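Keep the sequence and the 3D view open side by side as you read.

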Amino acid sequence: MSFNVVTDYVKVNRFTRPGMKRSATKAIVMHYTATPGASAKNERDYFNGTCIADRRYASAHYFVDDDEARLIMPEDEVAYHAHDNNRCYIGKLNGNANLTAIGVEMCIDKAGKITDKTFENTVQLVAQLLKRYGLSVNDIYRHYDITGKNCPAPWVSDTSQFSKFKNRVSEIISGSAKPASKPVVKEAQKKTFRIRVKASTLWYYNKPNWDAKKDTVKKGDVFTVVDTLTVAGSKMYKLKSGNYITANPKYVEVLK
Ligand SMILES: [Zn+2]
């Protein structure tokens, strides 16, 4: 899928990132931001600024929008996302989901909806997390399931959306998801040019396929581009090394 995980930590502070290590990872807790039109970057900046200034205890690990998943603190630290009123209805979470779960927030569009793209990006992210921590789709909970809070509201009013989400994550994990049907389109390019990475970390791929992640590169790294492709609707650069990287100007800049 054509989205990136951007690492962009907020500063350690008592209100949004206490800097404490979590005891275990037993679940993924799903949220929505309840802020129409705010991007993952906007949310990150809020938790690094206004939220602290307002002395409000709140946060999460990931914020997902149509373009990216933004990780605002290390996964193994405590975020304040799922222990309101000191509740924890799920027994296996040891009485406090903030100590035993990773919090994933979905951004919403101006109309208050979780878009299809955000939904799909979140599917990809959560599938990766489950694989990494050896968890299953039965370890995904709504904030609502943990404490009764109306979050993510669109998945509380319509539980089938949450079921659909878990089914999609299952498909990705089991590898039964249908391959992207859109073709790889190559653009004519006579000359090579160079790009520099703007994101703090960025995936590159060993095939012109958004699922063919190979490793990450760092901010400031420079590469030579030999071709520009459109892969499943999003642009990708082919590098001189034979690897591929996103052409999204949010993450890479072309050097003159
Ligand atoms: Zn929530």
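Helices (H or I, at least four residues) and strands (E, at least two) are DSSP runs, numbered from the N terminus. With that in hand, find Ser59 in the loop between α2 (50-53) and β3 (62-64). This is a predicted model, in which local features need pLDDT of at least 70 and side-chain atom pairs count only at pLDDT 80 or more, while totals for chains, interfaces and linings use all residues. Residues are numbered from 1 along each chain as its sequence is written, and side-chain values use heavy atoms, with hydrogens and water left out.

**A serine in a loop**

Ser59 counts as buried at 2% relative accessibility; buried means under 20% relative accessible area, exposed over 50%, and partly exposed in between (1.4 Å probe, protein chains only). Its side chain reaches the backbone oxygen of Thr16 at 2.8 Å, and the side chain of Ser59 also reaches the backbone nitrogen of Tyr80 at 2.8 Å. Leaving aside residues up to four places away in sequence, Ser59 touches several residues, including Phe47, Met73 and Glu105 (contact means heavy atoms within 4.5 Å).

**Helix α7**

Helix α7 covers residues 159-174, and its 16 residues should span 22 Å at 1.5 Å a residue; the end C-alpha atoms are 23 Å apart, which agrees. The expected span is 1.5 Å times one less than the number of residues. Which residues of α7 are buried? They are Phe162, Phe165, Arg168, Val169 and Ile172. Seen down the axis of α7, these buried residues fall within an arc of 120 degrees, so they line one face of the helix; the arc is that of the directions from the helix axis to the C-beta atoms. They pack against β2 (27-32), α4 (116-133), β6 (140-142), α5 (143-147) and α6 (153-157). After α7 comes Gly175, with a positive phi near 75 degrees.

**Aromatic rings**

The structure holds 10 aromatic pairs. Rings of Phe, Tyr and Trp (its six-membered ring) pair if their centres lie within 6.5 Å; planes under 30 degrees apart count as stacked, over 60 as edge-to-face and the rest as tilted. Two of the pairs are tabulated here.

| Pair | Centre distance | Plane angle | Type |
|---|---|---|---|
| Tyr46 and Phe47 | 4.9 Å | 80 degrees | edge-to-face |
| Trp155 and Phe165 | 4.9 Å | 45 degrees | tilted |

Trp155 lies in helix α6 and Phe165 in helix α7, so the pair ties together parts that are 10 residues apart in sequence. Phe119, Trp155, Phe162 and Phe165 form one aromatic cluster.

Conventions:
A polar contact is a pair of N or O atoms within 3.5 Å; within protein, one must be able to donate a hydrogen and the other to accept it, and residues adjacent in sequence count only if both atoms are side-chain atoms.
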